[in-house]
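I want to jot down what I look up here as I go.

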Amino acid sequence: MTAALLPPPAPEAAAPELRAQVRDFLAAERDAGTFTPRCDAWLAGWDPEFSRKLAERGWLGMTLPKAYGGHERSTLERYAVTEELLAAGAPVAAHWIADRQIGPSLLRYGTEEQRQRYLPAIARGECFFAIGMSEPDSGSDLASVRTKATRVDGGWRLDGTKVWTSGAHHAHAFFVLARSTPLAEAPNRHAGLSQFVVPLDSPGVEIRPIPLLTGERHFNEVHLDGVFVPDAMVLGAIGAGWHQVTSELAFERSGPERFLSTYPVLTALVDALSQRSGPEHSIALGGLIARLWTLRRMSLAIAASLADGVAQEVPAALVKDLGTRFENEVVNAAQLLLAVEPDPAADGVARLLAEAVLHAPGFTIRGGTSEVLRSMVARGMGLR
């Protein structure tokens, strides 16, 4: 039911048997009452036990080599699984960031020690990650980060603050982007940046909540005060942080979570309007589903290109910007066409609509603000 609106997948991403397995699993879990479908579940639905159940079925670490606990499935098979989970509003937040971008980044840039330490645990659903990119007063302008990495005996000292760090209060570790060469000494703003793997229970790490309008919490501010990181936990090469982080962002910005966060509201809207008739309903739904189709085709194309090692920073930024707009359009259409008051304490569409309304302000923050993304797209098209 929840996936009924999804356009027919491209042949390479159809994976009908795999999709059927995921749908049967989700139906059984819903019937057992282990989860209630919700909006924005990929960040707000934190359930480690559910993540471990997915891992037991081989649905985490799907594209990782078997040597690191993975399953060597295709990128598009993984896409099929994640799409079904998102369409169902399943609680996948615990493993989402680790599975989506930390694993591929460790595989590409990590040392053998780092891979052996983290990848098998990610594939088992036992190790969860956050991302330390954005900073206060910097927003999505990553080149302006002020967190300092200072060379010390045996490693690096990190000082600074990261913000909008989803899941940091639950996660085991996070990637930190820091300036290892002072800006005054770097040849340009993009030089002199490095990435570090930092356990979140390290001395000197303080995690401060940023509550949502709902009172829930997944955003955090993470303050680093003299945090020591040994040389063994440098990710990739010192000074190569900009190249590494932009390739990582292509995974973060282009997936189906960028346009399916409010999908449960869309299905509820279709169910409600199927009992009514009127051209305004058909026009509104037709426009939304057409945009869903377009975004999905774009996202699938990027997933295939990333699997081939092709850089996709600009197309990924476009999907994220358009996807954010689409998710808000779903909320606006539901508010306009449904005679339902959003109510977080209610059941059904009233609860889903309340979740969507209260989470929507965060859509344009996470993964890059709309203004920065549009600037990236304009530069990529030669318009700036």
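How much space lies in the largest pocket? I get about 740 Å³. Of the 37 residues lining that pocket, T75, P104, F251, L306 and A307 are the closest to its centre. The elements giving two or more residues to the lining are α5, α6, α8 (241–254) and α10 (279–307). Helix α6 supplies the largest share, ten residues.

A pocket is an open set of points on a 1 Å grid over the protein atoms alone, where a 1.4 Å probe fits, with protein on both sides within 12 Å along at least five of seven lines; lining residues have an atom within 4 Å of a point. Points are joined across faces, edges and corners, and the volume is the space filled by probe spheres set on them. Helices (H or I, at least four residues) and strands (E, at least two) are DSSP runs numbered from the N terminus.

Ground rules: this is a predicted model, where local features need pLDDT of at least 70 and side-chain atom pairs count only at pLDDT 80 or more, while totals for chains, interfaces and linings use all residues. Residues are numbered from 1 along each chain as its sequence is written, and side-chain values use heavy atoms, with hydrogens and water left out.

Next I checked helix α4 (residues 48–56). Its F50, S51, K53, L54 and A55 are buried (under 20% relative accessible area, 1.4 Å probe, protein chains only). The buried residues of α4 pack against α2 (16–31), α5 (75–87), α6 (93–109) and α7 (112–123); contact means heavy atoms within 4.5 Å. After α4 comes G58, with a positive phi near 80 degrees.

I looked up residues 17–126 in UniProt: the unreviewed entry annotates them as "domain: Acyl-CoA dehydrogenase/oxidase N-terminal", and such annotations may be inferred rather than shown by experiment. That span is 64% helix and 0% strand, and its end C-alpha atoms lie 27 Å apart.

Then strand β1 (residues 129–132). F129 and I131 point one way, A130 and G132 the other, and all are buried. β1 pairs with β4 (residues 173–179) in the parallel sense over four bridges, where pairing takes at least two DSSP bridges. A130 stands opposite F174 in β4.

Last, cysteines. C39 is buried at 1% relative accessibility, and C127 at 7%. I count zero disulfides, taking a pair of cysteine sulfur atoms within 2.5 Å as the rule.

Notes
Buried means under 20% relative accessible area, exposed over 50%, partly exposed in between (1.4 Å probe, protein chains only).
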